[in-house]
There are 2 protein chains.
Amino acid sequence: MVPTQSESVVAGNLTQFEYLALNSSLNLADGHARQELTAGQSLIVEELPRLWAAAVKRPVEEVERDAQRAYFELLGQHSHPADEGRVLSCYSSSVAMEIFARSLASRAQSIALIHPTFDNIPDILRGVGLRLVPLDEEALHAGDLDDVLLRSVQCVFVTTPNNPTGRVLPESGLRRLAQQCAEHDVVLTLDTSFRGFDPDAHYDHYAVLNASGCRWVVIEDTGKLWPTLELKVGWLVSSADVGLPLAEIYSDILLGVSPLVLSMIERLSQDAAAGGLADLHRFIAGNRAIVRGILGDVPDLRFPDPASRASVERVDLGDRSGLAVWTALSKHNVFALPCHKFHWADPGQGDHSLRIALSRTPSSVAAGSKALRTVLLDSR
Amino acid sequence: MVPTQSESVVAGNLTQFEYLALNSSLNLADGHARQELTAGQSLIVEELPRLWAAAVKRPVEEVERDAQRAYFELLGQHSHPADEGRVLSCYSSSVAMEIFARSLASRAQSIALIHPTFDNIPDILRGVGLRLVPLDEEALHAGDLDDVLLRSVQCVFVTTPNNPTGRVLPESGLRRLAQQCAEHDVVLTLDTSFRGFDPDAHYDHYAVLNASGCRWVVIEDTGKLWPTLELKVGWLVSSADVGLPLAEIYSDILLGVSPLVLSMIERLSQDAAAGGLADLHRFIAGNRAIVRGILGDVPDLRFPDPASRASVERVDLGDRSGLAVWTALSKHNVFALPCHKFHWADPGQGDHSLRIALSRTPSSVAAGSKALRTVLLDSR
């Protein structure tokens with residue numbers, strides 16, 4: 001447990017805000033999945049002792065390959081390179097991120113990073129000594145990147161679907177971005193941790209990346225999708241010619257992830273393919289409708305991401321301060337996430353919004369939204 | 001799965017040698033626990049669905065504190081600072097190591113590191129930009145450290161029990177080393193991943209460290225002790241005045257580890273305290289006796305660590321090359337670990353030894369030892 005200061009003291013980064021929520025009954029802060037298990041998922045948890053016994057008997061390579069196939073195929077990523085050994089299984093997407101960052105820093109000085117995005121990404125990249133250049137999400141979606149920008153960096157990093165906006169880079173946009181990266185010999189890195197929630201992100205990214213000829217890295221994450229008590233895998237995937245010491249630095253950090261977790265992910269992927277994923281999409285849409293229903297008529301409040309299907313929802317608070325609302329809300333023992341730190345290069349842009357986690361029980365989402373409604377109406 | 005090259009090609013580091021063994025039937029390479037579950041441990045695996053249901057209902061802080069108490073108390077570490085929030089739970093000891101290394105590199109340039117030791121420690125430290133100064137294991141045990149050495153570094157790093165030698169820093173030695181570190185304002189860092197195997201390492205290190213007044217970090221590891229399919233925790237523990245941004249960098253990498261894994265570790269610690277740990281010590285001693293019994297009369301062969309109780313055994317091959325023996329052994333599908341890379345500053349010192357993992361079924365240890373005996377006798 002990380003020591004947390006009294007709630008009135010502002011945390012230093014988004015994860016530190018999330019620590020403050022961890023032991024509260026109404027934690028709408030972190031993006032981890034904390035809803036109840038579905039009936040199908042409960043059966044898989046009951047199976048754990050059997051999955052353990054089966055995993056002990058099989059070569060770990062087989063267990064890993066089966067889990068990778070099931071997960072990547074579930075999300076439409078048919079051209080993933082698992083058979084070529086270019087999918088490295090990590091304890092989490094952040095561990096994959098750390099390995100990527102350390103590898104990149106050994107070959108590069110500068111990276112263009114989507115803005116806004118979750119702040120542990122810029123913090124890890126800065127922490128290993130890289131210079132960051134903000135890549136505005138609007139500019140990314142508006143058309144070609146500026147040649148001057150591309151000449152000034154050795155990597156472009158895009159989170160898609162983005163966190164907290166939920167915005168997805170469409171196939172045409174990825175194709176053009178990858179072509180530009182190929183032309184400038186810039187590595188294109190994608191963080192697709194929220195991919196599972198949005199079918200618009202289920203086109204085959206690996207086919208597009210391979211066709212472009214660019215050097216690329218993708219970080220995939222099973223950790224946001226299912227309420228698995230933090231048992232998860234982050235996958236660090238790369239092109240054959242990536243030119244970064246990913247496998248070497250991986251081998252400094254781990255021998256491999258748990259075959260039990262891999263087996264569980266294979267089973268959860270099968271359950272999702274058999275209808276569980278569609279159920280999850282309906283579940284998140286239902287929780288989003290609860291938030292919008294309860295807060296929709298609060299004066300000067302807006303939902304800035306109307307098309308988002310991610311498991312988080314941003315709320316624009318008008319002229320209210322996100323931090324002041326967060327503080328008032330925390331006095332009701334409800335914890336959301338103030339958004340200023342997502343805007344890592346210009347926190348002021350996020351000063352008036354909150355992020356609400358939707359991977360929770362509907363009753364928690366409703367209770368948290370009602371408390372937020374009370375706080376917002378009281379502040380008028 | 002990390003791509004591995006053909007077996008005749010030498011791997012770049014010890015973990016890469018371990019990958020080569022992962023899918024073989026006779027893997028005596030890595031130090032992870034791969035023996036069969038005991039009857040008591042099997043019951044805990046059967047309990048996993050119940051532990052899951054219980055963990056969901058409790059604040060993660062409580063689950064974590066209970067696991068920490070059970071594990072640290074089991075190994076005699078009564079003065080551990082879990083109640084002060086100075087025990088950070090990581091996915092593994094290597095993740096704890098990475099967080100420590102990045103924190104240290106933000107404040108320091110040079111570190112004295114025990115020699116030999118497992119090579120991912122120097123590789124991670126070098127990877128974050130630190131300058132390494134070898135600290136010979138013999139010199140460490142011979143008496144006071146050289147003042148010139150202590151003035152040239154900002155940290156001293158000791159693995160105890162050491163890997164691969166099994167050598168334990170005794171209480172008197174730790175007291176004097178910690179005093180010297182206090183006098184020179186040098187951080188003292190201990191990696192105690194193999195602590196569980198040796199009662200000589202069960203004196204209360206935290207009491208000694210606290211009394212010394214030095215700044216200190218300890219990395220503890222549940223991962224070597226029990227055959228838990230890589231489900232484990234690395235604990236990153238520090239003094240109140242450590243002066244390193246450990247909690248900040250921790251928060252860049254993770255929100256927390258799995259409450260299911262924590263609950264399992266609590267139960268395994270209870271089982272160990274009720275007799276399981278003594279059973280494990282007898283089990284490892286039995287496997288060590290198998291290795292020594294089968295290989296003892298091979299000409300020019302020596303066991304250089306007669307007092308070791310660690311779950312690995314070094315074999316000195318006389319004038320034979322460790323790499324040549326490893327290659328011949330691998331043709332029998334038996335994989336051990338050549339020792340040259342443990343001697344990270346002078347690989348030649350390890351050119352004539354192999355490390356054999358003992359956390360395996362006795363039949364595997366016997367079969368591997370017999371194959372090694374054949375290889376060694378054939379090579380005469």
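Reader: Leaving aside neighbours within four places in sequence, with which residues is Ser369(B) in contact?
Author: This is a predicted model, in which local features need pLDDT of at least 70, side-chain atom pairs count only at pLDDT 80 or more, and totals for chains, interfaces and linings use all residues. Residues are numbered from 1 along each chain as its sequence is written, chains are lettered from A and ligands numbered from 1 in the order in which they are written, and side-chain values use heavy atoms, with hydrogens and water left out. Ser369(B) belongs to helix α14 (residues 362-378) of chain B, helices being DSSP runs of H or I with at least four residues, numbered from the N terminus. With contact taken as heavy atoms within 4.5 Å, the residues that Ser369(B) touches beyond those neighbours are Val291(B), Ile294(B) and Leu295(B).

Reader: Is Ser369(B) buried or exposed, and which backbone oxygen does its side chain reach?
Author: Buried means under 20% relative accessible area and exposed over 50%, with partly exposed in between (1.4 Å probe, protein chains only). At a relative accessible area of 1%, Ser369(B) is therefore buried. At 2.7 Å, its side chain reaches the backbone oxygen of Val365(B).

Reader: Which residue of chain B meets Arg102(A) in a salt bridge?
Author: A salt bridge here is a side-chain nitrogen of Lys or Arg within 4 Å of a carboxyl oxygen of Asp or Glu, and the count between chain B and chain A is two. In one of these, at 2.8 Å from N to O, the partner of Arg102(A) is Glu98(B).

Reader: What kind of rotation axis relates the two copies?
Author: The copies are superposed by least squares on the C-alpha atoms of residues with pLDDT of at least 70 in both. A rotation of 180 degrees, with 0.0 Å of shift along its axis, places chain B on chain A at an RMSD of 0.0 Å. The copies are therefore related as by an axis that is two-fold.

Technical notes:
Helix = DSSP H or I, 4+ residues; strand = E, 2+ residues; numbered from the N terminus. Polar contact = N/O pair within 3.5 Å; in protein donor to acceptor, adjacent residues only side chain to side chain.
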